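Me: Please take a close look at one part of this protein for me. I would like to follow the open sheet and the parts around it.

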Amino acid sequence: MQTTVKDILAKKGNQIFTVSADSTVYDALKVMAENNIGSVLVMDGDKMVGIFTERDYARKLILKGKYSKDTPVKEVMTEKVISIKPEATTEACLALMTEKRIRHLPVMQDGKVIGLISIGDVVKQIIEDRESYIRDLERFITGDFAS
């Protein structure tokens, strides 16, 4: 059985940190710092309109000489957000994140955001799955099926 995004969310929870498009970049950075996260979803009510990441901050604000207290998130957020469904496997997530060079994936179901996973979440799960598989193989080889 392959681990899915739904399994990751069941472990880590599906708490999502958000800001509005009119929030300042400074306010978004505060939310990110207070929660030790690398991105926030930009929402208009319950509709996702973008994502703001550390990469957006570095490339679209700092390098362009803008100021975080004066700039609304909507000016620097990523509008075309790549998302994933809860049924997707961890391997599919990793492949998508690698191909698109992204570190955060909103999880969408029936047009609504139900969670957010990071590359760290995916890699951690893949490592756990591999370690479990190795333990199972070792038990099989040694004939220790009961443990």
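What follows is a walk through the sheet, then its surroundings.

Reply: Keep in mind that this is a predicted model. Start with the sheet itself. It is open and has three strands, in the order β1-β2-β3. The pairing is mixed. In general, strands of a sheet pair through backbone hydrogen bonds, and the pairing can be parallel or antiparallel.

Now look at the edges. β1 covers residues 18–20, and β3 covers residues 47–53. Each has a single partner strand, so one side of each is left without a neighbour in the sheet. From one strand to the next, the twist averages 35°.

Next, take the β2 and β3 pair. Strand β2 spans residues 39–44. It runs antiparallel to β3, and six bridges join the two.

How buried is β3? Five of its seven residues are buried, so this strand is largely enclosed by the rest of the structure.

Helix α2, residues 25–35, lies across β1, β2 and β3. It runs at about 80° to β3.

Now step into the loop between β1 and α2, where you find D22. Is D22 buried or exposed? Its relative accessibility is 55%, and the cut-off for exposed is over 50%, so D22 counts as exposed. Leaving aside neighbours within four places in sequence, D22 is in contact with P72 and K74. The side chains of D22 and K74 are joined by a polar contact of 2.7 Å. Compare that with A10, which is 12 residues away from D22 along the chain. The C-alpha atoms of D22 and A10 are separated by 32 Å.

Go on to T71. It is placed in the loop between α3 (54–61) and α4 (90–100). Its relative accessibility is 5%, so T71 counts as buried. Beyond its neighbours within four places in sequence, T71 is in contact with S23, T24, V25, L61, K66 and V76. A polar atom of the T71 side chain also lies 2.8 Å from the backbone oxygen of Y67.

K69 lies over the face of the Y26 ring, at 4.6 Å from the ring centre. As for aromatic pairs, a search of the whole structure finds zero.

Finish with another hairpin, formed by β4 and β5. Strand β4 is residues 104–109, and strand β5 is residues 112–118. They run antiparallel, joined by six bridges. L105 has I117 of β5 as its bridge partner. Two residues lie between these strands. In the turn, D110 has a positive phi of about 55°.

Note on methods: Residues are numbered from 1 along each chain as its sequence is written. This is a predicted model: local features need pLDDT of at least 70, side-chain atom pairs count only at pLDDT 80 or more; totals for chains, interfaces and linings use all residues. Side-chain values use heavy atoms; hydrogens and water are left out. Two strands pair if DSSP finds at least two bridges between them. Helices (H or I, at least four residues) and strands (E, at least two) are DSSP runs, numbered from the N terminus. Axes are lines fitted to C-alpha atoms, for helices over the stretch in contact, and angles run from 0 to 180 degrees between N-to-C directions. Contact means heavy atoms within 4.5 Å. Rings of Phe, Tyr and Trp (its six-membered ring) pair if their centres lie within 6.5 Å; planes under 30 degrees apart count as stacked, over 60 as edge-to-face and the rest as tilted. A charge sits over a ring if NZ of Lys or CZ of Arg is within 6 Å of the ring centre and within 35 degrees of the ring normal. Buried means under 20% relative accessible area, exposed over 50%, partly exposed in between (1.4 Å probe, protein chains only). A polar contact is a pair of N or O atoms within 3.5 Å; within protein, one must be able to donate a hydrogen and the other to accept it, and residues adjacent in sequence count only if both atoms are side-chain atoms.
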